[in-house]
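Colleague: I would like to learn how to read a model like this one. Can we go through it feature by feature?

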Amino acid sequence: MKAMVLKAPNTPFVLENVPDPVPGPGEAVARVLACGSGLTIQHVKAGRVPAKFPLIIGHEITGEIVETGAGVAGLKTGDPVTAYFYLNCGHCRWCLSQLEPLCENLAGNVGRVCDGGYAEYIKLPAHLFIGLPEGLDYRRHPAEIGVISDAIATPYKVLRRARIRPGETVAVFGAGGGLGIHMIMMARWARARVIAVDIAPEKFDACRKAGADEVVDASQTDAGTALMDLTDGRGIDVAVDFVSATSTLEAGVAALGRHGRLVTLGGAGKPFQVSSMDMLHKELDLLGSRYVTRREIIDCLDLAARGEIWPIVTDIRPLEAAEALHERVEKGEVIGRAALLIG
Ligand SMILES: [Zn+2]
C-alpha cells in the first residue's frame with residue numbers, strides 16, 4: 001500500500017510502498033478514505049512529543065472495513081467507520097465505566113505507538129473502530145466526517161465536563177486554533193454566549209463565522225480585563241483553555257465569576273496559581289478534560305448525521321501533498337481543520 005512514512009522526528013514525509021497490514025486475532029483493517037491533519041499529529045511529526053519511528057501518523061479517519069481477524073464480532077467487511085484515538089484496553093474499570101480516556105492500561109495513541117491513517121489501509125484493535133450512523137454521506141464528505149472523532153467530539157466533551165448551560169458566557173482561549181474554532185461552534189450550538197480569545201487577529205473573522213459573539217485580541221489587550229468589561233464586572237461562567245500556558249490559565253481563573261468553571265486541555269503541563277479563597281468564595285471548579293469517550297464520538301456522529309453540526313475543514317489535499325499541508329498546520333495558517341483525501 002501507499003503510505004506517508006516519517007523516518008525520524010522532524011523530517012519530511014516519505015511516500016513509500018509498504019506491505020498491506022494483515023489483521024491478527026482481535027484486529028481489523030480498514031481502507032482509509034480520508035484523515036484529518038491537526039496540530040496534535042504535527043507535534044508528533046515535529047518531534048515535540050515522543051513516538052516510535054518509522055511511523056505513519058494520523059487518527060481522524062473515515063474508512064471502510066476490508067478485513068477482520070479471528071474472534072472479531074460486531075464489525076464486518078464494508079462497514080463505514082471512524083477510529084478512537086487512544087489504545088485503551090476495553091476491560092478495566094474505567095473502560096467498563098465508559099471513561100475510556102482514564103484507562104489504567106492505556107497503551108498510547110493511534111499514529112504514535114502504532115501506525116495511523118496516512119496510508120491506504122490502517123490496522124487497529126477492532127474495538128477502536130466506531131461504526132458510522134446511517135445518514136452520514138461518508139463517501140461524499142470523508143474529510144469532514146473523519147475529523148468529528150476529535151475536532152468535534154473534544155469540544156462536545158467540554159460542554160458536558162463544564163456543564164455549560166444556555167445563556168452562560170464561555171470564553172475560549174486559543175479560539176483561532178483547530179479545536180478552538182470548533183469549541184466556539186459547539187458552545188454556540190449549546191446556546192451559550194461565546195467570547196473568542198486569541199493573539200492572531202487574522203483568525204477573528206473565522207471565529208465570528210463559527211459563532212463567537214465577541215472577540216478579544218490578547219496580543220493588544222489584557223484578556224482578563226477585557227472579559228470583565230464584556231460581562232459588566234460579573235466575570236465569565238466558563239473559561240476553556242486550549243493554550244493552557246501559565247499566563248492564560250491564570251487569566252482564565254481571574255476572569256471567572258461566581259460558580260465559574262475553568263477547563264484545561266492541551267498546553268505543556270505548566271503549573272499555575274489560583275487563590276484557594278477565591279475558589280471557596282466563588283465556588284469555582286478547576287477541571288481537566290482529556291480527549292473523549294467512545295460514547296461522545298457516537299453522539300457527535302449522530303449530531304452530524306442529523307444536520308445539527310458540521311466540522312469546519314478548509315484545506316483538503318491528496319495524500320501526496322501531506323508535507324505542504326503540514327507546513328501550513330505548523331505555521332497555524334489553517335482555519336479549522338485540514339485533511340488528506342486518501343482512498
Ligand atoms: Zn482500560
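Modeller: Gladly. Keep in mind that this is a predicted model. Start with two cysteines: cysteine 95 and cysteine 103 are both buried.

Colleague: What does buried mean here?

Modeller: Buried means under 20% relative accessible area. Cysteine 95 and cysteine 103 both count as buried.

Colleague: Which atoms coordinate the zinc ion?

Modeller: The SG atoms of Cys89, Cys92, Cys95 and Cys103 do, at 2.3 to 2.4 Å. Along the chain, these donors follow the spacing C-x2-C-x2-C-x7-C.

Colleague: Why is the arrangement around the zinc ion called tetrahedral?

Modeller: Look at the angles. Four donors count as tetrahedral if all angles lie between 85 and 135 degrees. Around the zinc ion, the 4 donor atoms subtend angles of 103 to 116°, so the arrangement is tetrahedral.

Colleague: Now the backbone. Which residues does a cis peptide bond join?

Modeller: Phenylalanine 53 and proline 54, with omega at about -5°. Proline 54 sits in the loop between helix 1 (39–45) and strand 4 (61–68).

Colleague: Where is aspartate 232 found, and is it buried or exposed?

Modeller: Its loop runs between helix 6 (223–230) and strand 11 (236–241). Aspartate 232 has a positive phi of about 55°, although it is not a glycine. Exposed means over 50% relative accessible area. Aspartate 232 has 66% relative accessibility, so it counts as exposed.

Colleague: And what about glutamate 283?

Modeller: Glutamate 283 is not a glycine, yet its phi is positive, about 50°. Find it in the loop between helix 8 (276–282) and strand 13 (285–288). Glutamate 283 counts as exposed because its relative accessibility is 55%.

Definitions and conventions: Residues numbered from 1 in each chain as written. Predicted model: local features only at pLDDT ≥ 70, side-chain atom pairs only at ≥ 80, totals over all residues. Heavy atoms only, no water. Helix = DSSP H or I, 4+ residues; strand = E, 2+ residues; numbered from the N terminus. Buried < 20%, exposed > 50% of the residue type's maximum accessible area, 1.4 Å probe, protein only. Donors = N, O, S within 2.8 Å, 3.2 Å for Na, K, Ca; no water. Tetrahedral: all angles 85-135°; square planar, octahedral: opposite > 155°, others 65-115°.
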